[in-house]
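The stops below each begin with something to select.

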Amino acid sequence: MIWAKEETLSRKEIEEIQLARLKEQVAWAYERVAPYRAKMDAVGIRPEHIRSLADLKNLPMTTKQDFKDNYPFGLFAVEREKLQRIHASSGTTGKPTVVGYTPEDMKNWTECVSRIACAGGAMPGDMVQICFGYGMFTGALGLHFGLENIGATVAPTSSGNTKKQIMFMQDLGTTLLVATPSYALHIGEVIREMGLDPAKDLKVKIGLFGGEGMTEGMRQEMYNLWGHDFKATQNYGMSEINGPGMSGECLELCGMHINEDHFIAEVIDPETGEVLPEGQHGELVVTCLTKKALPMIRYRTKDITRLFYEPCKCGRTTARMENLSGRTDDMLIIRGVNVFPTQIEEVLLKMEEIGPHYEIELERVNHLDRMQIKVELVDDSLLDSYAALEALEKKIRAGLRTMLGLDAAIKLVAPGTLPRFEGKAKRVIDHRKSMGLNC
Ligand code: DLL
């Protein structure tokens, strides 16, 4: 089902809408947000200089550093009292990235999510189970509102407690599952372990996955676990550009359709900033066209993809972005949570018992991410006291839980035993499969 006529416009029609909205959006940001005005003034560009979509490339880019420098509300274009909702995601260190929405933004966000949900096969009347963690993460409430809007019934079961999730699936007759792909695989495995056959014993036929990448290998595994008529699509977004709803796969599984009347996507060479032509891999840069609370002009996502503009067999004419092939920075996604190694470092370096050497090891066990952190002690006398070691381990785990909301196994090691580096330190060893391409 195609939710909105805007998904099937001609290129000319889409571009007309984009240009009109871009002009408005740039003026809105320039007039109301001092950091945007300062950056534009610095390169001598004013809103009236935007005469065509080609002028977009002259605008300065926005980065996560801008959020950090203007924490929490400095990039907002409206007073705090005009906001209806706040969400947040990880910053590179202690302070998160705070995002907000006016009632109009909420309406647009919901509309965008409804479209990508329908592209993935959602229908009015679906019984939806949302297994994303509710809270500051945009995933859960984003999908929640978008799916309610199409006339689905939503059960906000949140993440965790897998057996209870499965009980709800059986008892409520869940037809559509929303989760990170790794959690969906884990649920599928537990269902099998319980002696159930999802194809016969459950009604779940659609999976809308996102928040982290789903490789083609994971998709095949999804079919093995959930049944071969299960429809597994992924969708993309990030907090800075609303959350989920920027783009999503349709059932043709050939890239994620971009809601182009709300977002302009560019792909740039991450080294030079030069805009790359259709089909070339680079860093995705997104300009939001309708965001009132928090305008985003040329936001550098750090996500690597490429763009295609030819219409899709599904009937949608919107540009598609290939499923991501990585990131340009060191951000990790662990159990759907964005984690920067610098956040871990910040927790560790506050403790005087440990030195600056650590190693983060990631693996996937039963489709769930596991993190182990090896930390070097400054003084090896601590190794003689089991109680002291245990207390320190506990303190580190508690610090990490507060910072990231994640648990980690901690291994304290003797001074001088972790590798030293002459060049860039390699502190993360990721044994999980690397991300794959789709089309
Ligand atoms: O993860 C928004 C979202 C929630 C999208 C649920 C889809 C479904 P953040 O927490 O700000 O927002 O994290 C954004 O997650 O820059 C990507 O690196 C990664 N990411 C999100 N969706 C995908 C995906 C939400 N489908 C960051 N494939 C992004 C690969 C994804 N990575």
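**A loop residue to start from**

Select L253, which sits in the loop between β8 (243–249) and β9 (256–258). This is a predicted model, and in it the phi angle of L253 is near 55 degrees, a positive value in a residue that is not glycine.

**A cis peptide bond**

Go next to Y71 and P72 and show the backbone. The peptide bond from Y71 to P72 is cis, and its omega is near -10 degrees. P72 belongs to the loop between α3 (64–69) and β1 (85–89).

**Two domains**

Now select the residues where the two domains meet. On the domain 1 side 18 residues are in contact, and on the domain 2 side 14. Together domain 1 and domain 2 bury about 1300 Å², with 55% of that area on carbon and sulfur atoms. What does the count of salt bridges between domain 1 and domain 2 come to? It is zero. Polar contacts do occur across this interface: three residue pairs are found, both residues of each pair at pLDDT 80 or more.

To see which elements of domain 1 face domain 2, select α7 (181–193) and α9 (216–226); each of these helices supplies at least two residues of the side that touches domain 2. The most comes from α7, with five residues. Coloured by residue class, this side of domain 1 shows four nonpolar, ten polar and four charged residues.

**The ligand**

- From D303, pick the side chain: one of its N or O atoms is 2.6 Å from an oxygen atom of the ligand.
- From Q234, pick the side chain again: an N or O atom there is 3.2 Å from a nitrogen atom of the ligand.
- From E212, pick the backbone instead: a backbone N or O atom lies 3.4 Å from a nitrogen atom of the ligand.

Note on methods. Residues numbered from 1 in each chain as written. Predicted model: local features only at pLDDT ≥ 70, side-chain atom pairs only at ≥ 80, totals over all residues. Heavy atoms only, no water. Contact = heavy atoms within 4.5 Å. Buried area = accessible area lost by both parts, 1.4 Å probe. Salt bridge = Lys/Arg side-chain N within 4 Å of Asp/Glu carboxyl O. Polar contact = N/O pair within 3.5 Å; in protein donor to acceptor, adjacent residues only side chain to side chain. Helix = DSSP H or I, 4+ residues; strand = E, 2+ residues; numbered from the N terminus. Nonpolar A, V, L, I, M, F, W, Y, C, P; charged D, E, K, R; others polar.
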